[in-house]
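Hi everyone, thanks for making time. I'd like to walk you through one structure today, so let me put it on the screen.

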Amino acid sequence: MADTSMYKITFGRDRYHQHRDMEDWCRQHLGEGGWHTVNPDDLREEANWSIDQMFGNTTFRFKNARDYSKFVVKWEWANGQDSIS
């Protein structure tokens, strides 16, 4: 069953080259998480975040608002981007 309180952000193909750095940043600053392929909207109990990719679009999902906010500040606002999805 999907967690409807999950926070997520999707980056387009133009940011594909950054997904590895984003993933590494999450591991360093947010803890347990990683790639999720079965049902992306269900995080493992011990995971704080997950990443999946389809057709070059990369989606990060977070269990809590604080981790989501940190990620958005680092990878969206700090990089001069002006839209999130």
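This is a predicted model: local features need pLDDT of at least 70, side-chain atom pairs count only at pLDDT 80 or more; totals for chains, interfaces and linings use all residues.

Residues are numbered from 1 along each chain as its sequence is written, and side-chain values use heavy atoms, with hydrogens and water left out.

Back to asparagine 64, then. It sits in the loop between E4 and H2. When I say helix or strand, I mean DSSP runs numbered from the N terminus: H or I with at least four residues for helices, E with at least two for strands. What does the side chain of asparagine 64 do at the start of H2? One of its oxygens reaches to within 3.2 Å of the backbone nitrogen of arginine 66. The backbone nitrogen of aspartate 67 also has a polar atom of that side chain 2.8 Å away. And although asparagine 64 and methionine 6 are 58 residues apart along the chain, their C-alpha atoms are separated by 7.0 Å.

Now zoom out. The protein has two helices and four strands, and from the N terminus on they run β-α-β-β-β-α. Of its 85 residues, 38% are buried. Take contacts, meaning heavy atoms within 4.5 Å: among those between residues at least 6 apart in sequence, 53% join residues at least 24 apart.

Let's look at helix H2, residues 65-75. Which of its residues are buried? They are Asp67, Tyr68, Phe71, Val72 and Trp75. Seen down the axis of H2, these fall within an arc of 135°, so they line one face of the helix. The arc is taken from the directions from the helix axis to the C-beta atoms. That buried set packs against strand E1 (7-11), H1 and E4.

In soluble globular proteins, nonpolar side chains tend to be buried together. Here, the largest nonpolar core has 14 residues, and Ile9, Phe11, Cys26, Trp49, Phe60, Phe62 and Phe71 touch the most other members. A nonpolar core, by the way, is a set of buried Ala, Val, Leu, Ile, Met, Phe, Trp, Tyr and Cys residues joined through side-chain atoms within 4.5 Å. E1, H1, strand E3 (49-54), E4 and H2 are the elements that give it two or more residues. Leaving aside neighbours within four places in sequence, cysteine 26 is in contact with Gly31, Trp49, Phe60, Phe62 and Phe71.

Two more residues before I stop. Tryptophan 25 is in helix H1, residues 19-30, and it counts as buried because its relative accessibility is 12%. Beyond its neighbours within four places in sequence, tryptophan 25 is in contact with Leu30, Lys70, Phe71, Lys74 and Trp75.

Last one: is arginine 61 buried or exposed? Arginine 61, in strand E4 (residues 57-62), counts as buried at 7% relative accessibility. Its side chain is joined to that of aspartate 52 by a polar contact of 2.3 Å.  A polar contact is a pair of N or O atoms within 3.5 Å; within protein, one must be able to donate a hydrogen and the other to accept it, and residues adjacent in sequence count only if both atoms are side-chain atoms.

Note on methods. Buried means under 20% relative accessible area, exposed over 50%, partly exposed in between (1.4 Å probe, protein chains only).
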